[in-house]
Amino acid sequence: MIALAILRRLLVALVTLAGVAIVVFVLLRVVPGDPIAMMISPGASQADIAALRAHYGLDGSLFSQFAVWVRYALRGDFGTSISLHRDVLALLGERLPATLELATAALEFAVIVGGAAAIAGAMARRTWAEPVIDAVNGLLLAIPDFVWALALVLVFGVVWPLLPLTGRVDPSVSAGMTTPFYFVESLLRLRFDVFFDLLKHLALPTLALGLPLAAVIARVLKGALNEAMAQDYVLLARLKGMSELRLVLQEALRNAIGPTLALTGVQFTFLIGGTVIIERIFAYPGIGNMAIEAVINRDLPLIQGLVLVFAVIFILVNIAVDFLVALFNPKLRHA
Amino acid sequence: MVEVTRRQTLALGAGAFLTELLLAGAVRAAGKDTLTIAYNVNLPSFDPTDGTSAVNPSIQAIYRSIFDQYIGQAPDLTLKPGILTAWGWNDDKTKLWMDVRPDVKWQDGSPLTPEDVVWSLERAGAKDSANPISFIWSTAGNYKIDGNRITADAIRFEPTFFMWMAFLTGYVLPKAYYEKVGAEGFEKKPIGSGPYMVDEYQGNAFLRLKANPHYWGDKPAFETVIFKFVPDATTRVAEIESGSSDITLEVPYEEFDRLKKVKGLSGVATPISDIGMIFITNKEPMLDKNVRLAAIMAIDKKAIVDRLLHGYGVPIETLEAPEYSAFDPSIKTPYDPKKAMELLAASGYSPEKPVKFTIQTTRGFKPKDYEMIQAIVGMWRKVGIEADIEVYEIAKHFELRTTHKLAPAAFYNWGDAIGDPTTSTGFAMFGPSPHSAFKTDDLDAKIGPLWGEKDEKKRIDGWKAVDAYIAEQGYVIPLLQYLQPIVYKSDLKVTPNQSGALQPTLVSPAT
């Protein structure tokens, strides 16, 4: 049964990816902006332009170009980046771990802070503290991630220069990592100097990305907790002498977490999209930053590869969330 | 005995963790031997001869740090010996010769030979070359080597051939190494003969260079140079103000004025070989000379520079900036809104019955680009020109320009780091060039003979006459020459470069 469910999800995922590939491929060749026009010389003749177009495989019909791309993509060859002159898959493999580290750190931050705020708000319900928590939460919710990023740059760059503003590691020393998974490798190799350096560089982009998500989690989870706290079983547990904190954590939380989990999954996909701007502002070398450069340079093979990577991430996150929600809600396990 | 509770232990651990986090390698200024530059663009590729990055003027500072150009260029754009110590043409300009500097080594210690120079030139000019400037490099061929002297035939006399050797894609690459590792291998580990070699590179993050121990020229002032790729202007301002970087460039003018007054920081803004202009396309209503000239005369360039750009700009009358070799100060297109209204009236237009067209512009691609066009549209409205502003990305501008589909007016910037009129007026205005917008036979007839003119004085005088004709006909609207704001720590000395390339070799500790 489980195997069948997984197979079904994978098939749906493949169809989704195929659709994304077709839409992106067509759109990129239809929207304004010709990569050849950006690199032709002033003395180029029409023949020179045609030769350059053929050199980059952009001279065929839309259908023939797509057919060639699919043929190579099925072999794991996503082409060569026009602007970076390197294999697209290799480039994605190098930069994706940085974005995953950032996104994971932001998610962890959001879950911890948002969860704590929700629990504090639930425990403070019908007291003076509750509206204060709601107001702070509302403020965090109203400010988008890129505004947070600029505010953090101002605070930590100018007013209180405590944390590095750009990059993933200190550029003045060699981190000496052999894989692009710096966090994992630094821990496995007991390179705590690199580990802490990574944390310092990750701090500001994580805050920028994580604060809005934390506010969303706090709001939804607090609402669900308040609802759960009004149930009879919670009343019974209170009558049995259970403390308020234990009531929230042991009784109410596991019933309130389901909807929060589902929403967090959706918000996480937005967070991944948010890495594009955040990585740009903090000069963080992930796929988001690379995506902006690819779009500016109309690097078609790289843009296609990036969009597919984002699509795969979204699909995997959605599958993971569905399974987690089913895990917490037995009623959904047989659905 | 001191008893420590579980909570206290956890608190101590958290405190230790935070302390380690904040103190270990905390933000520190680079050491005395290290120069950290918060740079405004990324480095897409290490090949300085191939693809879009090769013709990006903003990246040349990095390429010039790692590689040598055939011919060097001083900060005032004059040519100086580089890998070539001497060069020239024969009397009838059918052959060219160049002398290769002896005892130059590549960064891997192997010798740089005339074979490397010939290979680089042949590769650049090859028929299937992806070098965007192959149309220049292909004008010479049949290279012969005799000791350190290279001779070649001029397949077509190109007066700017040696100037391009100090310009875009004019770099010597190592033949043996490149052929051994291939293009992708060269990207992963590039080798040049320049003052610095690549130590570590993280795309979209940083490039760390170490001084080349084999370098033939003066030892650079800094042992290590770090280019931090920080495309966001706000972050660049924060980088320099926090002390995380030692020098930065292309900050907003308002921030530049503020930063140069900050204790410990200095600033310099000097004209560079980059101009702002408005392309006019040969389509209605721009086929009417009165409309074109009125559009030019209605623009108060000085007011735009003074008020919008805080004085950081030089109004220009032609596509030649004052430092360019064909600059002619006698050519004037004065601000005269009254005359503009008269010209429009002669064509049946007035503020009540304005001539209408679209003007295209980028937004944020160049400093105050959109704001400048807004101001110009406002000036035009007063004389009887009503222009709609269309904002687009630079990629769309290139596409429209090469397909000759630009709007009647389109803002653009044009760099010319060798200061030669062919690379400004020539490419921007010659009809057959895919980069020109106003295509007209009368102008092509004047420009055509100048491409291969062998008499240098006649060539320059010819270009001056072309610029005068363009101004008389109103075929383009030159606006201003840009200034490049550079902010740096006060314990540094910076020599501004007119080409706009912030080369580390032009920065040194202030004594």
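A:M229 lies in helix 8 of chain A, which spans residues 192–229. A:M229 counts as buried because 20 other C-beta atoms lie within 10 Å, and 20 is the number at which a residue is called buried. Setting aside neighbours within four places in sequence, A:M229 is in contact with A:A122, A:V234 and A:A252. A:V248 is also worth a look: A:M229 and A:V248 are separated by 19 residues in sequence, while their C-alpha atoms are 7.3 Å apart in space.

Two of these contact partners lead on to the next pair of helices. Two packed helices are described by the angle between their axes and the distance between the axes. For helix 9 (residues 232–239) of chain A and helix 10 (residues 244–281) of chain A, the axes come within 10 Å and cross at roughly 145°. The crossing of helix 9 of chain A past helix 10 of chain A is right-handed. On the side of helix 9 of chain A, the contact is made by A:Y233, A:V234, A:A237 and A:R238, and helix 10 of chain A supplies A:L247, A:E251 and A:A252. By type, the residues of this contact are five nonpolar and two charged, with no polar ones. A:V234 and A:A252, which take part in this helix contact, are also among the residues that A:M229 touches.

Stepping back to the whole of chain A, the fold comprises 12 helices and zero strands. The C-alpha atoms of chain A occupy a box of roughly 85 × 55 × 40 Å along the principal axes. Of the 335 residues in chain A, 39% are buried. Among contacts in chain A with a separation of 6 or more, 73% join residues 24 or more positions apart.

How confident is the prediction, and in which helices of chain A is confidence lowest and highest? The mean pLDDT of chain A is 85, and 97% of its residues score at least 70. Helix 2 (residues 46–55) of chain A has the lowest confidence, at a mean of 76, whereas helix 7 (residues 182–188) of chain A has the highest, at 93. As a friendly reminder, where pLDDT is low, the predicted coordinates should not be read in detail.

Attention now turns to the partner chain. The contact between the chains draws 50 residues from chain A and 55 residues from chain B. On the side of chain B that touches chain A, helix 8 (residues 233–242) of chain B gives the largest share, with six residues. That side of chain B is made up of 23 nonpolar, 19 polar and 13 charged residues. Helix 8 of chain B is itself mostly covered, with eight of its 10 residues buried; including B:T235, B:V237, B:I240 and the charged-type positions B:R236, B:E239 and B:E241. Just after this helix of chain B, B:G243 adopts a positive phi of about 85°.

The largest nonpolar core has 222 residues, and those with the most contacts inside it are A:L225, B:F279, B:A294, B:A298, B:A410 and B:V476. Helix 8 of chain A, the helix that holds A:M229, provides the largest share of this core, 21 residues. Beyond residues up to four places away in sequence, B:V476 touches B:M277, B:F279, B:I280, B:L319, B:A428, B:M429, B:F438 and B:I470. One of these, B:F279, is listed with B:V476 among the core residues with the most contacts.

How values were computed: Residues are numbered from 1 along each chain as its sequence is written. Chains are lettered from A and ligands numbered from 1 in the order in which they are written. This is a predicted model: local features need pLDDT of at least 70, side-chain atom pairs count only at pLDDT 80 or more; totals for chains, interfaces and linings use all residues. Helices (H or I, at least four residues) and strands (E, at least two) are DSSP runs, numbered from the N terminus. A residue is buried if 20 or more other C-beta atoms lie within 10 Å of its own, exposed if 12 or fewer, and partly exposed in between; C-beta atoms are placed from the backbone. Two residues are in contact if their C-beta atoms, placed from the backbone, lie within 7 Å. Axes are lines fitted to C-alpha atoms, for helices over the stretch in contact, and angles run from 0 to 180 degrees between N-to-C directions. A crossing is left-handed if the near helix is turned anticlockwise from the far one by less than a right angle, and right-handed if clockwise. pLDDT is the predictor's confidence in each residue, from 0 to 100. A nonpolar core is a set of buried Ala, Val, Leu, Ile, Met, Phe, Trp, Tyr and Cys residues joined through C-beta atoms within 7 Å.
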